Amino acid sequence: MYVKKLIPCMYLNHEQAVCGFEDRENVLSDDPVKLARSYFENGADALLLFDLSEGDGAHEKALDLIKDICLSVEIPVIGAGNVKRMEDIKKLLYAGCKMAALNFSKGLSADLAKEVSQKFGKDKIVSCIADAAEYEKYKEVICEWTDQVIAVKKAGFAGSVLTCELPVICVSDDTSLLSIETLSQSTSLAGISGLFFDQTCNDLLSVKRSMEEKGIPIHRLEPHFSWSELKKNSDGMVPVVVQDYRNDEVLMVAYMDERAYDETLLTGRMTYYSRSRKELWVKGLTSGHFQYVKSLTADCDLDTILAKVSQVGAACHTGKRSCFFNEIVRSEYKEKNPAKILESVTDVIRDRKINPKEGSYTNYLFDKGIDKILKKLGEEATEIVIAAKNPNANEIKYEISDFLYHMMVLMVEKGVTWEEITEELARR
């Protein structure tokens, strides 16, 4: 039996979230990004996005919307709709979707399924079907070239769809708590999807707790060490050192008791025990500055936890990003962390664009415009090629540095960040 994931479904035109295929004129939200973020913050395990836009212009705007949604949440996004060819799958994946769906109701060919699977990997492709008969018709292709099955609405929750070789995500009109608990008992069902906007399912974490109480396996963080295996201090707690997962900046130190440990694993949000208030403390519950778990690692003695998190806003109650800002002593040194250096140089370039400085070469490039920047970038790329043919390794080092500088000028000019670049590289 698969663990059960709760996967809100969003039907998008080019600017809104609507209520579904049949009632696409009824607006669910004028701010789909905010709605997606709310689902993420309230316990969603993934998001399923259907692009219902019509026309090339609206489709491109919908893809921009999907990109914004992918950037705003830290859970997998499955993109579907408007997929007719290889390029459409590519656009969804490049927009940030972890997986893209092939809709077999549209009569897609086996050749396309094979082509996109071989290009992007089977783990990036899911099959979308309308009913059990459709699954049987395309069963061989689906099982060979896709990774999961999405059964949309009329597919039902019984029969061959739920006994197929692949995990099934079922999109249902009924996302009430009773329906979810009933459907979750299927051994082949890996995810339940729907609008999840009714009052019962407003807080998906509550639904998960209810499911867990009834013995239904839910998607949650599974620890390699139980609380009993960790060594506690005299107060029965374990200290937690918290780092930003992006740059390893130390943000704060707090403490966990057993309840805080269990709640952190269930919700994916860092939860501590407040020694001053003597109560459970969900970091960010009042400020909105949540910490989302990326990893928890115990030290060699199992008496301290290192938490790498995605930090929203400031970690410190003073409003500063980190609690560690009172410098005691400092020895002069040059920063060696490549990520920090690249980010720092980009920040200087960005500042030059906002606050021009007389005589600045960077401002000269911005003033001359995109064509000049591209010309210089091309020249530096050529110089790298020439330098690579020479025996002196120092020369290529200098030319790569020049190239990276001009590339960062281009990034600032086009509004591209290092975080976006690294996220794209991490997906490949």
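Which residues are linked with Lys376 in a network of salt bridges? Lys375, Lys376 and Glu379 are linked in this way, a salt bridge being a side-chain nitrogen of Lys or Arg within 4 Å of a carboxyl oxygen of Asp or Glu. By this rule the count comes to 16 salt bridges. The model is predicted, and therefore local features need pLDDT of at least 70 and side-chain atom pairs count only at pLDDT 80 or more, while totals for chains, interfaces and linings use all residues. Residues are numbered from 1 along each chain as its sequence is written, and side-chain values use heavy atoms, with hydrogens and water left out.

**The pair in helix α11**
- Glu379 forms a salt bridge with Lys376, and their closest N and O atoms are 3.3 Å apart.
- These two residues, Glu379 and Lys376, are three residues apart in helix α11 (residues 370-388), so about one helical turn separates them; helices (H or I, at least four residues) and strands (E, at least two) are DSSP runs, numbered from the N terminus.
- Glu379 is partly exposed at 27% relative accessible area, whereas Lys376 is buried at 18%; buried means under 20% relative accessible area, exposed over 50%, and partly exposed in between (1.4 Å probe, protein chains only).

**The pair Lys208 and Asp45**
- Lys208 forms a salt bridge with Asp45, with 2.5 Å between the closest N and O atoms.
- Because Lys208 lies in helix α7 (residues 204-213) and Asp45 in the loop between α1 (32-41) and β4 (47-51), the pair ties together parts that are 163 residues apart in sequence.
- Lys208 is buried, with a relative accessible area of 4%, and Asp45 is buried at 7%.
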